[in-house]
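Colleague: I'm new to this structure. Could you walk me through it?

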Amino acid sequence: MSAHTHDHEHHAAHEPGFVRKYIFSTDHKWIGIQYGVTSLVFLFFGFCLVMLMRWQLAYPGVAFPIGFINQWLGEARMPGGVMAPEFYNQLGAMHGTIMVFLGVVPLAVGAFGNYLVPLQVGAQDMAFPKLNMSSYWVYFIGGVIMVLSFFVPGGAAQSGWTSYSPLANVTVTGGTELISRLLTGQSMWLLGMVFLITSSLLGSVNIIVTIVQLRAPGLTWMRLPFLVWAQLVTSFLLLLAFPPLEAAGIMQLCDRVLGSSFFLPSGLVVSGKELAVSGGGSALLWQHLFWFLAHPEVYVLILPALGIVGEVIANNTRKPLWGYKSLVYATIFLGFMSFVVWAHHMFLTGMGTTINAFFQTTTMIISVPSIVILSALILSLWGGSIRFTVPMLFALAFLPMFGIGGLTGLPLGLATADIHLHDTYYVIGHFHYVVAPGSLFALFAGIYFWFPKVTGRKLNETLGRVHFWVSLIAINGVFMPMFIQGMAGVSRRLYDGGLVYLHAQDVLVLNKVMSHSAWLLGAAQLVFVINFFWTIWAGKKAENDNPWDATTLEWATPTPPPHGNFIEIPTVYRGPYEYSVPGAKRDFTPQHVAKEA
Amino acid sequence: MSAEIVIPYNDTDRPDTGLYNAKLGVWLFLASEVMLFGALFSTYILLRVGADKWEHGAEILNVPLATLNTMVLIASSVTMVLSWAALKAKNFPRYRLCMGLTFLAGIGFLIIKSLEYKAKFDHGLSPATSTFMAIYFMMTGLHALHVIGGMIVNGYLLGPGAKMWHTEPRRFTNRIEVAGLYWHFVDLVWIFLFPTLYLLPGKGM
Amino acid sequence: MSADHHPEAIKKQVGLYWKIFWALTVGTVLTVAVSFFHHWGVYVAVIVALIIAVAKGTLVAGYFMHLFHEVKWIHGTLLLTGFFFVVLMALVLWTTSDQAGRQTGVFDVPQRHVEPHKTEAH
């Protein structure tokens, strides 16, 4: 096999120092933890931004009641304690950006992907450990740039997470000096995105090569855990869809800093004056390049979550997943289709009826594999011996929540219905259902499920149930009313939540319902945070290396898995979900256990 | 606890895929680069089709210099693949020569490119001048950054990285192949960039 | 491709690489020469330029990058990428012609004509 001709013999007795072991580690498990902790912090930060926004939406024009926060934010952002509109826009744009690019994707792919993929394929580490380490630090730098953007003159980016031109081009451009144009919120957003995209690209290469090349002997494609398939397709999406946004980001940066007109049409008038640029650009071009990524991006947000739900369901029903092959093929088809639906975000940009019909058709087609996957997961419950553990509660709740999210996407994908619903709160309700009680619940399921493998301790059950039930109720309180507001015609990104609009008057009260639910949701997360830290320090130790009696390879290691994961590389003899096999001694048979004679 | 991890298939091929890790890795990376430059070519097409007037590249840009640069890059591709062939023939000094020539060709490309850029700036042409100039600077600029990236890798493999030839020759040869794939790709992009920007006729002028 | 080759086989490869070099040189000269032809329209010019560039690119990719001898995984990845590359270019281009109420550009689509709205300057 591979040659042992490296000169590492005399290093064998060397323990790596603190920096090598904990800061610049090349061990995929530690990198996964770095991604996990960092992304959870960003998720919390992004949530705080919206909890602040929700005050303005529920009580527009009323001073924020927490004095020291008003003081800390300052008069420019909160004049007299009342949120300035520009600050509201900054919070909105950065909430979206942080949750998607600094929160969910790094957690789903960087944390879960990095930690679990090498273990589940029976490898000692990722294919390129040093590249993995770089991916994390590039992500970290991108995150720092994003957060720092709040503190430059003019504040953070304020043109939505979608950064549409020409608004994003002309907002807070800075002065005549090049550096002053670079140190503006939107320009730093673009720079930060370049770092985040680079990190994702390097990470996706690593994951794909690891899955293709480092599978243990006997681990054939159809014996892979569904989570690994999900991560594989996700990585292809990241690999091929991100670069156009990177190109677009550099071009918008060029527009802002060097005065080009990639996205600025001729004759644009801003604040009463015609812009002194060459013109000839296309604002629609930005939208195409942005959405070419951002649509596959939403599948990046959901696929790892579906993978996690699959693992948790199989384990807690004590039976194999229903329709493994259909899950795999549906996932591959979904990934492929995700590249040809993007302009359903652009139905109202003046595209002709033929193009609209094309994208509408592909969008309807892509709902089919989603339904196949959801159905297979639901059918997997039938006849199962269900254990209502905390991870299972989150995984079970995921199913109807993702169902609501998915179904509410259908009228948006139909061009005619979208005329009424586009850019309303209906859209916000739809995508939050898929990402918040959808993806995020699945990610919580994953955290509760794999916590004992990572730390050797199980998170407290009681606190976990409180976290689950309060979150479930509160999260529906936040997002269900959005459909009602959206159908009434309330637009998104309104500073006052629709206060001045006649058509919004009947549904304004829902703003208060949503805000109070959001604050309750925030409080429920504190239960999780307390559980998290308390368990690490003083939690009950897990009874053994495989406390959930699971079948996949990550449970076949010591706890926590050592550097190199497996004492010896396992051989795989069976599929990933051999639960309740007739005639077996126990109700689960791990993958690496040879067939009984 | 601190036993060194051995990642398999760094120097030999995995039997069922027929690949070593870095080769798959670099091709995946190149696939993403195809999408990156693809977005820029898309931009060129969209901006050009939507414009009433579009400059004739040959009238503004320096075609002779760019043609020379094309030849420089093609030559460097040859020397790059020859450096890999030299290692396969276990001829380390010839590897050094060919890789060195590749590096020099890279420098040549960048010098010629900076002469081009300087001439533009001296004539007051910049990305702000028109969308044609903007896409010209963007595409050639990003390409030049990729050339610099490739040269950093090649320089490392010529210098400190070459030590691996004495300890893990097969893995080192694979590294040269992988670096070569990247370098050829950079040449490939230029093969399409050059006629698109410099040679296509204008519009409405 | 990482199996060891005989010295003769490598020498043959080297000979082939030099032949490709000359072919690429001819291709480059041809591209520039052909660009002086002003008599054909943009479409023909683009097609001719594309043909020559694709020919040169195929030589670089096929021989220098060993693509002609590569394995399924690589071909598959590149085919997928190529498909999405075409999708990105073609669909974006399509939007330049298929617009609500107007038609300009490469593909003509029968549509009911609507006067472009002109807003009065206030």
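Colleague: How many helices and strands does chain B have?

Modeller: First, this is a predicted model, where local features need pLDDT of at least 70, side-chain atom pairs count only at pLDDT 80 or more, and totals for chains, interfaces and linings use all residues. Residues are numbered from 1 along each chain as its sequence is written, with chains lettered from A and ligands numbered from 1 in the order in which they are written. Helices (H or I, at least four residues) and strands (E, at least two) are DSSP runs, numbered from the N terminus. On that basis, chain B has 0 strands and 7 helices.

Colleague: What percentage of the residues of chain B count as buried?

Modeller: A residue is buried if 20 or more other C-beta atoms, placed from the backbone, lie within 10 Å of its own, exposed if 12 or fewer, and partly exposed in between. Chain B has 205 residues, and the buried share is 53%.

Colleague: Which helix gives the largest share of the side of chain A that touches chain C?

Modeller: Counting a contact when C-beta atoms, placed from the backbone, lie within 7 Å, 13 residues of chain A meet 13 residues of chain C. The elements giving two or more residues to chain A's side are α9, α10 and α12. The largest share, 3 residues, comes from α10(A).

Terms used
Two residues are in contact if their C-beta atoms, placed from the backbone, lie within 7 Å.
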